Amino acid sequence: FIQMLRGAKKRDVLQLLRRAPEQMRPFLVEAAVAAQSVASLAALSDFLDFSKEPKSLLEKFLYAAAFSPRPSGELLHLVLDKLDGKQLAPETWETGIVAVGSLVGRLCQQKLCGLQVVERGVEAILRGLRGAKEEPEVVICLLALGNAMLPETIPALLEHAEDGPTAVTAAATAALQRFPAPHISSKVKRVMRRIFHQKRKSYDKTCRLAAAEILLDKHPSPMDVINILLATSEMETEMATFLLLKVQNSLRDHHHLARNIMKDILGDPQINNYNFFSKVGISSSFSGPLTVTQDLIATFGLDLLFLEGGFLRKSISNFSLLSHGQRLCAAQVTFEAQGMESMMAENLSEGEEELELMAGMSATFFDVQLRPVVFFQGYTDLMAKVLLSSGEPTSVVKGNLLLMDHHQVIPLQSGLQVTVKLQGGLGLDISADMDVSIWEQELKTGVSARGSLAMDFQAELDSPFLQATLRSQTEVETSIHFDTMLRFSSSPVLMCLQLREEQVPYR
């Protein structure tokens, strides 16, 4: 369909979009974005009216642009034009600014950072950050900067990480975590130390742990590792347990940047002893391989941080791919529940601010951070959701994405040339659900990820006296379900984790 659109005129594409049945329009919009021809982008520009179209169709367009494997400056131009100066629904603006961050990052990976439209995209995010009046707007702009991963935006991220309220600090440190180790300079590490050791003010435990992870994961100095391990003796049990398990995990990971440093430090019995490593909290951090081949390592990681009273504060499930020194976050889903201390009549740690009752989820797929989903905010909203719950999971992302789009002409020694084309498309349907039962004192979370990958490879030799074509088509379908159930009515807290993978048909 994409190949057909690439040869079509603007008039034909526009007619197709306007005359298509409503249920077919999202698919056509995704295909037109993936085609990225001058005609298809011009047709989309005429067809999409951001003040009238349903939010679901606009979200399809914006996410299709965000996931584009080799976006053009024209695609970013189209997205910026559609977002510029209009009265948009908050969700559409948020999805749009996150997509702009992703497009800027991908264009810079193609060495196209000098384009005027890229500078306009960066300025749009920074302008949104400066003009943001509400906390959620600041958070979204920081997540967009995380998608862009531009070194020149690090000072802005550091400022918000150190001085912002909890949600802003968490978003800024999460964005900094995504930068590769060479960009984590001594200045970044100084700020992370001040956050972790609470030198200027008190920080929420999730922010302190994120700062510690940056210090431990990005070419750490031996002194940082020692100071973090020594600090665990002064911490609450759950936070200390989580950090110590993080350190032990890095020893098992042969590709971890700090593995050798940690082995040397843990050779010292003053640090590696029962007094440090006998913390008996229920928080956990685990990562291990799912698949190992000569060229690829796929890993699954699960982090669970609990409050002292046994309530889940944050859970992160992560699927990563490591190939030839490059790491790709294939999928990461984070559940967060804050402000539960007051509901559970639990004491706050010294200096911690009382957070508003809230539960939500954020997800990253193929290194693109999506707009976070809020399940409930405030006690009234929680009660309404509990009483009026439909039991239906919340859709996080659903659609068709072009993941690979490669075209190359290879000259042979004989003087002939071969044309190689490779396209890969992904159909994705991710949904998540969080169910809090106050009466049963139970918390259930569930993530369902269904995907189908189709790859089309074609090599063609075309000369006046010889024609040959080699074609290969591959399809894979898979579905993964990850469920957690916690019952905190008694001590110790009962916890059930389940990871189900359905049979994978491969054609």
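Is R193 buried, exposed or partly exposed? R193 has 28% relative accessibility and counts as partly exposed (buried is under 20% relative accessible area, exposed over 50%, partly exposed in between, with a 1.4 Å probe and protein chains only). This is a predicted model, in which local features need pLDDT of at least 70 and side-chain atom pairs count only at pLDDT 80 or more, while totals for chains, interfaces and linings use all residues. Residues are numbered from 1 along each chain as its sequence is written, and side-chain values use heavy atoms, with hydrogens and water left out.

**Salt bridges overall**
- The whole structure holds 22 salt bridges (a side-chain nitrogen of Lys or Arg within 4 Å of a carboxyl oxygen of Asp or Glu).

**R193 and D224**
- R193 pairs with D224 in a salt bridge whose closest N and O atoms are 2.7 Å apart.
- This pair links distant parts of the chain, 31 residues apart: R193 is in helix 12 (residues 186–196) and D224 in helix 14 (residues 222–231). Helices (H or I, at least four residues) and strands (E, at least two) are DSSP runs, numbered from the N terminus.
- D224 is buried, at 6% relative accessible area.

**D456 and R471**
- A salt bridge of 3.0 Å, N to O, connects the side chains of D456 and R471.
- D456 belongs to strand 10 (residues 442–462) and R471 to strand 11 (residues 467–487), so the pair ties together parts 15 residues apart in sequence.
- D456 counts as buried, with 17% relative accessibility.

**R11 and D12**
- The side chains of R11 and D12 form a salt bridge at 3.9 Å, N to O.
- R11 is exposed, at 59% relative accessible area, whereas D12 is partly exposed, at 34% relative accessibility.
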